[in-house]
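Let's take a walk through this model together, starting with its aromatic rings and ending in its strands. Have the fold open beside you as you read.

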Amino acid sequence: MRISSIFAASSLLVLAACGDSGTVDDPSDPDEVAAAAETIAKPQPGQYRTIAELVEFDIPGASEEEVQMMRGFVESSAAQEQTFCMTQEKADEGFQEFLSAMQDNSEECTFSEFKVDGEALDATMNCDDGAGSSGTITFDGTISETKQNMTVTMDMSNPGEGQSMRMVMRNTTERTGECTAEDDAA
């Protein structure tokens, strides 16, 4: 399973800001999710900082040494603070980039829950690559036009190979000011 592409696409979700509240009746229907996304406010343009924290990481059946090695790799990658410029063009796209990325993986992942309530978002995706790997990714947190706090939980398994993995990441993204001229040129 392309866990990295799924995680990257899901990370885009955390930049959207919630508008009207509601639960999508059929979250497996991309049109219903897209319609719900139309009610979501767009993030403000500007300079943003993202920090991720690995909260939980487990690979049942793996040795403690293997788990610690993989955990260390994930922690070092996640702990690197990232900054980026949200241009007006990207801000205007808002949630649509996330939905497009999910539709690209539509054969692998579909939403089973998608609920917005004020600034709270609760969503669940079920993924299956058709080759034995499957899993669930949940999003739980709050988002606004300038800040988000989101917990992303991934429970993945490949029973044929006797492997499973659980990873919980907490992502915080916040607007820190205006983009600089250098950022706009990049």
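Predicted model: local features only at pLDDT ≥ 70, side-chain atom pairs only at ≥ 80, totals over all residues.

Residues are numbered from 1 along each chain as its sequence is written, and side-chain values use heavy atoms, with hydrogens and water left out.

A pair of aromatic rings is described by the distance of the centres and the angle of the planes. The structure holds 2 aromatic pairs (rings of Phe, Tyr and Trp, the last by its six-membered ring, with centres within 6.5 Å; planes under 30 degrees apart are stacked, over 60 edge-to-face and the rest tilted). Tyr 48 and Phe 84 are stacked, because their ring centres are 5.6 Å apart and their planes meet at 10°. This pair links distant parts of the chain, with Tyr 48 in strand β2 (residues 46–58) and Phe 84 in strand β3 (residues 82–86), 36 residues apart. Strands here are DSSP runs of E with at least two residues, and helices are runs of H or I with at least four, numbered from the N terminus. Tyr 48 is buried at 2% relative accessibility, while Phe 84, at 25%, is partly exposed (buried is under 20% relative accessible area, exposed over 50%, partly exposed in between, with a 1.4 Å probe and protein chains only). In the other pair, the rings of Phe 111 and Phe 114 have centres 5.2 Å apart and planes at 75°, so they sit edge-to-face. Phe 111 is buried at 7%, and Phe 114 is buried at 1%.

Phe 114 also leads us to the largest nonpolar core, where it is among the residues with the most contacts, alongside Phe 57, Ile 137, Phe 139, Met 167 and Met 169. This core has 26 residues (buried Ala, Val, Leu, Ile, Met, Phe, Trp, Tyr and Cys joined through side-chain atoms within 4.5 Å). Elements that each supply at least two of its residues include β2, α3 (64–78) and β6 (134–143).

In a regular strand the side chains alternate between the two faces of the sheet. The covered face of β6 includes Ile 137 and Phe 139, whereas Thr 136 and Thr 138 are on the uncovered one. On one side, β6 runs antiparallel to β5, joined by 9 bridges (strands pair if DSSP finds at least two bridges between them). β6 also pairs with β7, again antiparallel, over 10 bridges. Thr 142 takes part in both, bridging to Ala 120 and to Asn 149 in β7.
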